[in-house]
Amino acid sequence: MIEARHLRVLRAVATTGSFSAAGRELGCTQPAVSQQMKALEAAVGTPLLVRAGREMRLTQAGEALVRHATGILAGLTAAEEEIAAIAGLRAGRVRLVSFPSGSSTLVPTALAALRAAHPGTRVSLEEAEPPRSVELLRQGDCDVALAFRYEGAAGAGEGAGEWEDLVVRPLLTDRLVGLVPERHRLARAGSVDIGELAGEPWIAGCPRCRGQLVQVCEGAGFTPRIDFATDDYPAVVGLVGAGLGVAVLPQLAVESVRPRGARTVELEPAVRREIVAITLPDLAQVPAVAATLEELVRAGAR
């Protein structure tokens, strides 16, 4: 095997013409240079140097190897510098996947802080709801995924188990709120038992949120009549504001949309979801990924 240190010594001998001069240039002894040249010749299986008087002359094989060594060593130097830049957060790339309400609330704050602290780090953003976002992480299509799971949900234990082999950083607990038209009979109520909305038409959100809504309503003794379903939170707010039904949305989603024509009400019993940032154990050691996770945690604490 040809080692980079052997190539550096060979190039120094070729440049200076002797083992002793090469040793002075490299900061080592003449015997050390001789030993490394013997190791290199043994590795390639042919002589690379011949003695011509007081100087060392390259053989044809030696000339070929020196010619290649220049490019090889230049490439290694460039690689070392790039890795040092990434390790020092002067460069780096992070692929982030987030669900929509996280994209409009947590992500902007975190990425603005990351850019201010480490302007050389580049972050790309795509949107996906869990469990798809977690699948993308496992498939190697992203480095960090924002996800959520509902407290006390039937699938919560299963979801937690699915994340056991991942690095999970809790960001915040997000309470779900009711959304009713501003002229609704309960629009001025401080809090509302979800059972009081049993007879209302409903606007449902993403499939996972929709399943949680049905589960909560059934726990209160009724099955919601879902007239509209959309993954778009502004559309949910717009439909409620137009008087077409009621909805339950995460507080984060409400913060990201101006609820014109609609009012939020506190729901009883409380329904909460845990917002987390997830990555793979090996990726958690990458400086740019670690810095992104830290800024997401700070954004969740604000």
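Modeller: Before we start, axes here are lines fitted to C-alpha atoms, for helices over the stretch in contact, and angles run from 0 to 180 degrees between N-to-C directions. This is a predicted model, in which local features need pLDDT of at least 70 and side-chain atom pairs count only at pLDDT 80 or more, while totals for chains, interfaces and linings use all residues. Residues are numbered from 1 along each chain as its sequence is written, and side-chain values use heavy atoms, with hydrogens and water left out.

Colleague: Happy to begin with H2 and H3. Why is H2 called roughly perpendicular to H3?

Modeller: Their axes come within 8 Å and cross at roughly 105°. Angles of 65 to 115 degrees count as roughly perpendicular (under 35 is roughly parallel, over 145 roughly antiparallel, and the rest oblique), so H2 is roughly perpendicular to H3.

Colleague: Which residues make that contact?

Modeller: H2 brings Phe19, Ser20, Ala22 and Gly23, and H3 brings Gln30, Val33, Ser34 and Met37. Contact means heavy atoms within 4.5 Å. By class there are four nonpolar, four polar and no charged residues. Ala, Val, Leu, Ile, Met, Phe, Trp, Tyr, Cys and Pro count as nonpolar, Asp, Glu, Lys and Arg as charged, and the others, Gly among them, as polar.

Colleague: How do you know that the span of helix H3 agrees with its number of residues?

Modeller: Helices are DSSP runs of H or I with at least four residues, strands are runs of E with at least two, and both are numbered from the N terminus. The expected span is 1.5 Å times one less than the number of residues. For the 15 residues of H3 (residues 30–44) that gives 21 Å, and the end C-alpha atoms are 21 Å apart, so the two agree.

Colleague: What makes you place the buried residues of H3 on the same side?

Modeller: Those residues are Val33, Ser34, Gln36, Met37 and Leu40. They cover an arc of only 165° around the axis, which puts them on the same side of H3; the arc is that of the directions from the helix axis to the C-beta atoms. The face turned away carries the exposed residues Pro31, Gln35, Lys38 and Ala42.

Colleague: And why does histidine 6 count as buried?

Modeller: Buried means under 20% relative accessible area, exposed over 50%, and partly exposed in between (1.4 Å probe, protein chains only). Histidine 6 has 5% relative accessibility, so it counts as buried. This residue of helix H1 touches Gln36, Met37, Ala39 and Leu40, not counting residues up to four places away in sequence.
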